[in-house]
Amino acid sequence: MRPRPRAAPEPPVPVADPTQAVLGASQRFAALRSFHAELEVLGAPQPVRSAMDFVAPDRFRVETPAGPQTIIGDTMFLQVDGAIRQVPTPPGLLEQWRNPLPADALSADLKAEDLGSQSLDGVQTRHYRLRGTQPGERLEYWVDAQGLPRQIVRSGSSNGRSFQLRLRYSRFNDPEVRVDLP
């Protein structure tokens, strides 16, 4: 017998209600034990790029141009010039990484539009656009076949300046993602 050729990955099946698809993706995301994320902010005086690993319930390692920072619970371990200082973490500091929907997005007010199937880094996703909570704001979601967000783009303006924030997620529940004390 000849082996059967491998089928191409199936695109995610659209959920009948795009708003429920996005809400469900956010709920599944919140239940993850670990993930990797990359953040890019355009529209600041200089583009900002950073990466982060998360391990439940409260461990984060953030890679920034200034160097790695580790947050465990409410303590940030700042690594500067070979020394490590412990400082309290401001409340909500990493909420944008952990919660895919903005804090001001109420589920009753969300309206999503299904923009169809799209490949993102070789992964088939469903692309959704949400009505923003502020005038001129745009929020887009790319949800994979497991119902998890692969990319989120939020565009708008702040203090009269346009911005675009892009989060890309990967390595969902990967046991190799670890955040140890520095």
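How exposed is Arg 166? I looked up its relative accessible area, and at 28% Arg 166 is partly exposed. My cut-offs: buried is under 20% relative accessible area, exposed is over 50%, and partly exposed lies in between, with a 1.4 Å probe and protein chains only.

**Ground rules.** I am working on a predicted model, where local features need pLDDT of at least 70, side-chain atom pairs count only at pLDDT 80 or more, and totals for chains, interfaces and linings use all residues. I number residues from 1 along each chain as its sequence is written, and side-chain values use heavy atoms, with hydrogens and water left out. Helices (H or I, at least four residues) and strands (E, at least two) are DSSP runs, numbered from the N terminus.

**Salt bridges.** I count one when a side-chain nitrogen of Lys or Arg is within 4 Å of a carboxyl oxygen of Asp or Glu. The whole structure gives 10 salt bridges. I checked Arg 166 with Glu 40, and the closest N and O atoms are 3.0 Å apart. Arg 166 sits in strand β11 and Glu 40 in strand β1, so this pair ties together parts 126 residues apart in sequence. Glu 40 counts as buried at 14% relative accessibility. I also find Glu 40, Arg 49 and Arg 166 linked in a network of salt bridges.

Next I took Asp 53 and Arg 61, whose closest N and O atoms are 2.9 Å apart in a salt bridge. Asp 53 is buried at 10%, while Arg 61 is partly exposed at 23%. Asp 144 bridges to Arg 150, with closest N and O atoms 3.0 Å apart. I read a relative accessible area of 3% for Asp 144, which is buried.

**His 36.** I located this residue in strand β1 (residues 34-42). His 36 counts as buried at 15% relative accessibility. Its side chain makes a polar contact of 3.4 Å with that of Glu 38. For a polar contact I need a pair of N or O atoms within 3.5 Å; within protein, one must be able to donate a hydrogen and the other to accept it, and residues adjacent in sequence count only if both atoms are side-chain atoms. I then listed contacts (heavy atoms within 4.5 Å). Leaving aside neighbours within four places in sequence, His 36 touches residues including Asp 53, Arg 168 and Tyr 169.

**Aromatics.** I pair rings of Phe, Tyr and Trp (its six-membered ring) if their centres lie within 6.5 Å; planes under 30 degrees apart are stacked, over 60 edge-to-face, and the rest tilted. That gives 5 aromatic pairs. Phe 29, Phe 35, Phe 54, Phe 60 and Tyr 169 form one cluster.

**Helix α1.** Residues 18-30 make up this helix of 13 residues. Its first and last C-alpha atoms are 19 Å apart, close to the 18 Å expected. That expected span is 1.5 Å times one less than the number of residues. Phe 29 is among the buried residues of α1, as are Val 22 and Leu 23. At the start, a side-chain oxygen of Asp 17 reaches to within 3.0 Å of the backbone nitrogen of Thr 19.

I found a cis peptide bond between Ala 56 and Pro 57, omega about 5°. Pro 57 lies in the loop between β2 (48-55) and β3 (59-64). Asp 121, not a glycine, has a positive phi of about 55°. I place Asp 121 in the loop between β7 (112-120) and β8 (123-131), and at 63% relative accessibility Asp 121 counts as exposed.
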